[in-house]
Amino acid sequence: MKLTIQQDPAVAETEVILRCPVLDARLESLISHIRQYSFVLVGYQEQREFHLPLESIYYMDSTDGKTFLYQKAQVYQCRETLTALEEKLGQTTFVRISKNCIVNTACLQHVEPHFNHRLKAVLKNGEQLIITRNYIDTLRRKLRGGNLS
């Protein structure tokens with residue numbers, strides 16, 4: 001693989017051009033990582049608004065009608081629904097793993113079997129999330145680099 005980086009202060013917006021003979025699963029995974037750098041989500045803590053880079057978010061969940069964004073050690077409330085976030089983040093490394101949780105696959109340390117045909121996701125910060133049966137195939141496709149929509 002050849003990598004060329006051209007730095008130019010006159011350029012208004014960063015542009016990434018990928019030239020390849022075949023778009024394979026590894027390149028699709030790279031593209032999904034690059035795409036998420038254009039996203040920033042708004043989170044709130046005690047009336048203060050924070051602009052959170054997408055790659056810093058480990059997972060999102062919804063409890064009692066409220067959506068929360070989890071970073072390595074911080075939690076923020078989000079005013080968007082989990083469904084709206086899922087639609088917005090379809091081409092990134094995020095994937096729904098249960099009715100009320102979306103995880104950043106880039107933050108997964110490993111996945112292991114759990115009881116009742118479910119899986120347990122262990123994140124890089126040590127947190128553990130349950131992947132319900134209905135979402136296991138979607139997670140597997142995302143991890144294999146296929147079906148990113």
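Predicted model: local features only at pLDDT ≥ 70, side-chain atom pairs only at ≥ 80, totals over all residues.
A residue is called buried when its relative accessible area is under 20%.

The structure has 2 aromatic pairs. In the pair made by Tyr 59 and Tyr 70, the ring centres are 4.2 Å apart and the planes meet at 5°, so the rings count as stacked. Tyr 59 belongs to strand β3 (residues 59–63) and Tyr 70 to strand β4 (residues 66–70), so the pair ties together parts that are 11 residues apart in sequence.

Rings also turn up with charged partners. The charged end of Arg 79 sits over the ring of Tyr 44, at 3.8 Å from the ring's centre. Likewise, Arg 118 lies over the face of Phe 115, with 4.8 Å to the ring centre.

Next comes Lys 120, a residue of strand β9 (residues 118–123). Is Lys 120 buried or exposed? Its relative accessible area is 16%, so Lys 120 is buried, given that the cut-off is under 20%. The side chain of Lys 120 also makes a polar contact of 3.5 Å with the side chain of Gln 128.

Over on the surface, a nonpolar patch is formed by Val 16, Leu 18, Leu 23, Leu 30 and Ile 34, which together have about 410 Å² of accessible area. One of these patch members, Leu 23, is found in the segment before α1 (25–35). Leu 23 has 47% relative accessibility, so it counts as partly exposed; the exposed label would need over 50%.

Terms used. Residues numbered from 1 in each chain as written. Heavy atoms only, no water. Phe/Tyr/Trp six-rings, centres within 6.5 Å; stacked < 30°, edge-to-face > 60°. Helix = DSSP H or I, 4+ residues; strand = E, 2+ residues; numbered from the N terminus. Lys NZ or Arg CZ within 6 Å of the ring centre and 35° of its normal. Patch = residues over 30% accessible without salt bridge, like charges linked within 9 Å, V, L, I, M, F, W, Y side chains within 5 Å. Areas by Shrake-Rupley, 256 points an atom, 1.4 Å probe, with all protein chains shown as cover. Salt bridge = Lys/Arg side-chain N within 4 Å of Asp/Glu carboxyl O. Buried < 20%, exposed > 50% of the residue type's maximum accessible area, 1.4 Å probe, protein only. Polar contact = N/O pair within 3.5 Å; in protein donor to acceptor, adjacent residues only side chain to side chain.
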